[in-house]
Amino acid sequence: MNRSAEIHEVLQGAFDAEYLEVIDESEAHRGHAGYPEGGQSHFRVRLRTPELRGKSRIAQHRAVHTAIGPALMGQIHALALEVSG
C-alpha cells in the first residue's frame, strides 16, 4: 500500500469525515531537500469532519498528526493540511 492510501485509510478510520482527500504532491518537489527517489514524501490532506468543529487550527492539526501516528509521520517530509469542522 502506498503512503497516500495509508494516510487516507488511517484518517478515515479516525474521523467521521464528510470529505477526505489525500494528494501526493511529491513530484512537484523533485530535486528539493527532503525528496527521496520514488517520492511519497510530500502530501496535502483536505479533511472536513465534525470532530474538529470549534477547535483551533493548532488543535485540528494536532488531532490529524495524532491520528496518522508517529511511525507514518516519520516517513513524511511535508504535510500540508486543509482542515475544517
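Which backbone oxygen lies 3.2 Å from a polar atom of the side chain of Thr 49?

**Before you click**

What you have open is a predicted model, where local features need pLDDT of at least 70, side-chain atom pairs count only at pLDDT 80 or more, and totals for chains, interfaces and linings use all residues. Residues are numbered from 1 along each chain as its sequence is written, and side-chain values use heavy atoms, with hydrogens and water left out.

**Stop 1: the whole chain**

Show the cartoon and follow the protein chain from the N terminus: the order is α-β-β-α-α-β, which comes to three helices and three strands. (Helices are DSSP runs of H or I with at least four residues, strands are runs of E with at least two, and both are numbered from the N terminus.) Of the 85 residues, 32% count as buried; buried means under 20% relative accessible area, exposed over 50%, and partly exposed in between, using a 1.4 Å probe and protein chains only.

**Stop 2: the core**

Now select Ile 7, Leu 11, Val 45, Val 64, Ile 68 and Leu 79. Of the 18 residues in the largest nonpolar core, these touch the most other members. Such a core is a set of buried Ala, Val, Leu, Ile, Met, Phe, Trp, Tyr and Cys residues joined through side-chain atoms within 4.5 Å. Colour by element and you'll find that α1 (3–14), β1 (19–24), β2 (42–48), α2 (57–68), α3 (70–73) and β3 each give two or more residues to this core.

Zoom in on Leu 11. Skipping neighbours within four places in sequence, Leu 11 is in contact (heavy atoms within 4.5 Å) with Leu 20, Val 45, Val 64, Ala 67 and Ile 68.

**Stop 3: Ala 80**

Next, pick Ala 80 in strand β3 (residues 78–84). Ala 80 is partly exposed, because its relative accessible area is 23%. Beyond four places in sequence, Ala 80 is in contact with Phe 43, Arg 44 and Val 45.

**Stop 4: Thr 49**

Last, go to the loop between β2 and α2 and select Thr 49. Is Thr 49 buried or exposed? Thr 49 is buried, since its relative accessible area is 0%. Leaving out residues up to four places away, Thr 49 touches Phe 15, Asp 16, Ala 17, Glu 18, Ser 84 and Gly 85.

And the opening question? The backbone oxygen belongs to Asp 16.

Notes: Polar contact = N/O pair within 3.5 Å; in protein donor to acceptor, adjacent residues only side chain to side chain.
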